[in-house]
Amino acid sequence: QYSSGEFRVEEFRLPVLEGRIAPQAGQALVNVKSVPTQLQVSYVSGGGAANLPVRVSASVRDKFLSFRDFDGFSFQPPRADGAPGNEEGEEEAAALQDQRVIADKLPITLDRNGAGALTIEQVPTAPQPQELLLEASYADPNGEVQTLRSVSTVWPANVIAGIKTEGWVSASQKI
């Protein structure tokens, strides 16, 4: 038996509010310039959080694509020699460094049903898919700040091209 540590819960508060934030469109976000967003916060015991002040933030970051049925394919645009992320194993780290804030703590007050809507403007276009991170922060009745989070994919086009090459060992010509 190995022990690596222990912890103790001295105080635990049940959540008072629950909610969600997401793009309004139920369809894929393809080459969008703005994203209409909906927000809903309700009490766990029922009823909307009427007139609750909320701050909404949004950011985008590059997304690395892979599909189970297409293991040998690359869905990333080619990178120039010497560009960050060319080293094996560092592609995901480079993608995380490319995060850009596009909306910072936009204020919104929810209606009497605990719902709200706003539009995230100036979504940057990119040659590869991006993740759109939406966050909504509010103070619950206990005075603690709670955050709702949603991640959606912003696609550059309706179709994503995948390239499959032969193994570099068996290549008879320059690749």
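Modeller: The account below goes from the core to the aromatic residues and then to the spaces.

This is a predicted model, in which local features need pLDDT of at least 70 and side-chain atom pairs count only at pLDDT 80 or more, while totals for chains, interfaces and linings use all residues. Residues are numbered from 1 along each chain as its sequence is written, and side-chain values use heavy atoms, with hydrogens and water left out.

The largest nonpolar core has 26 residues (a core being buried Ala, Val, Leu, Ile, Met, Phe, Trp, Tyr and Cys residues joined through side-chain atoms within 4.5 Å). Leu39, Val41, Leu52, Val54, Val56, Ile120 and Leu132 touch the most other members. At least two residues of this core come from each of strands S1 (17–23), S3 (35–43), S4 (53–62), S6 (100–109), S7 (115–120), S8 (130–139) and S9 (145–155) (strands are DSSP runs of E, at least two residues, numbered from the N terminus).

Residues up to four places away in sequence set aside, Val56 touches Ile21, Leu39, Ala103, Asp104, Lys105, Leu106, Ile108, Leu118, Ile120, Glu135 and Ala136 (contact means heavy atoms within 4.5 Å).

Strand S9 also holds Ser150 and Ser152. Ser150 is buried because its relative accessibility is 12%, and Ser152 is likewise buried, at 15% (buried is under 20% relative accessible area, exposed over 50% and partly exposed in between, with a 1.4 Å probe and protein chains only). Beyond its neighbours within four places in sequence, Ser150 is in contact with Ile21, Ala22, Pro23, Leu132, Leu133 and Leu134. The C-alpha atoms of Ser150 and Leu134 are 5.1 Å apart, although 16 residues separate the two in sequence. Ser152, with residues up to four places away again not counted, touches Pro23, Leu29, Gln130, Glu131 and Leu132.

The whole structure contains three aromatic pairs (ring centres of Phe, Tyr or Trp, the last by its six-membered ring, within 6.5 Å; planes under 30 degrees apart are stacked, over 60 edge-to-face and the rest tilted). Phe67 and Phe75 form an edge-to-face pair, because their planes meet at 85°, with ring centres 4.9 Å apart. Phe73 and Phe75 are stacked, because their planes are at 25°, with ring centres 6.3 Å apart. Phe75 is buried at 11% relative accessible area, whereas Phe67 at 34% and Phe73 at 32% are partly exposed.

One cavity of 30 Å³ or more is present, and the largest cavity has about 60 Å³. Its lining consists of Asn31, Val32, Val123, Pro124, Thr125, Ala126, Gln128, Gln130, Val154, Trp155 and Pro156, of which seven are nonpolar, four polar and none charged. On a 1 Å grid over the protein atoms alone, a cavity is where a 1.4 Å probe fits but cannot get out, a pocket is an open set with protein on both sides within 12 Å along at least five of seven lines, and lining residues have an atom within 4 Å of a point. Points are joined across faces, edges and corners, and volume is the space filled by probe spheres set on them.

Note on methods
Helix = DSSP H or I, 4+ residues; strand = E, 2+ residues; numbered from the N terminus. Nonpolar A, V, L, I, M, F, W, Y, C, P; charged D, E, K, R; others polar.
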